[in-house]
Amino acid sequence: MAEQKKAVLMMHTDQAQGELWQTALATQQLEVIWENISLDLVQYLEKCDRQQLPDLLIMDMAIKSPTSETLQSSSVCQWISRQQAPTKVVLFNPRQERIKDIEHSWALRRGASDVLPRLSPENLMAEVARVTALIGCSLISQPLEKIAKSLGANTGSAQPRASELAIKSEVEALKPSSKSETKNNSKANQKSDAGEVVMYRGVRIRR
C-alpha cells in the first residue's frame, strides 16, 4: 500500500509567490492545498478530524481574520497550541527578502516553527529544505534546481524588457499632452499678440 502524501495548506496574499510555492512543494511529492485569504482558518481547522489536519501550514503573516483586525497567524498558532495539534505552522513574508530578528522572535513566541522571506532563485532550495525538514521529508533537489534556473533566466531577461516597456509607455503617455499643450499655447500667443497691438494710419498702437 502506497504511503499517503503529506498535506500542506497554504494561504498567500502574493499570487506569484503562491504559485511558486505551489510548484516547488508539488515537486516534493506533497499534497498542496491553496486556500483563499478570506477563509477563517481557525474555523476551517476546527471542522477537520484530527487525522485530516494538514501536516504543514504556510501562511502570509499579514493575513487578517475576515471578521476582525486580528492577525490570523496569531489565532491559528494559539489554536494549534491549545489543541496540541501536530500541524506545523510556517509564517511567510513575501514583502521581505530577509527576515529581521525581531520578526523571527515574534513568530516563534506565537508558536510558529519558522518564518520565511520572499522566494527567489537564490534561496528557493534552502527555504523549501527548511519546510520539508519540519515534516520529516527528504528534499528532492533536482526539480528545485530546474525551477531556480528557470527563475534566474526569466528574471534576467524580463527586467530589461519591463523597464523598456515602462519607459516607452511613459513617453507615449506624454506625447499627446505635450502636443496639445504646444498647440494651445501657440494659438493663445497668436490671439494675445493680435489683441494687444493694432495698426492705425501706419502707427502701431497697443490697446
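The questions below concern the fold and selected residues of a predicted model. Local features need pLDDT of at least 70 and side-chain atom pairs count only at pLDDT 80 or more, while totals for chains, interfaces and linings use all residues. Residues are numbered from 1 along each chain as its sequence is written, and side-chain values use heavy atoms, with hydrogens and water left out.

Q: In what order do the elements of the protein run from the N terminus on?
A: Elements are DSSP runs, numbered from the N terminus: helices are H or I of at least four residues, strands E of at least two. The protein has six helices and seven strands. Their order is β-α-β-α-β-α-β-α-β-α-α-β-β.

Q: Is Asp-40 buried or exposed?
A: Asp-40 sits in the loop between strand S2 (31-34) and helix H2 (41-46). Buried means under 20% relative accessible area, exposed over 50%, and partly exposed in between (1.4 Å probe, protein chains only). Because its relative accessible area is 18%, Asp-40 is buried.

Q: How many disulfides does a search of the whole structure find?
A: A disulfide is a covalent bond between the sulfur atoms of two cysteines; here it is a pair of cysteine sulfur atoms within 2.5 Å. Cys-77 is buried at a relative accessible area of 2%, and Cys-137 is partly exposed at 22%. The number of disulfides found in the whole structure is zero.
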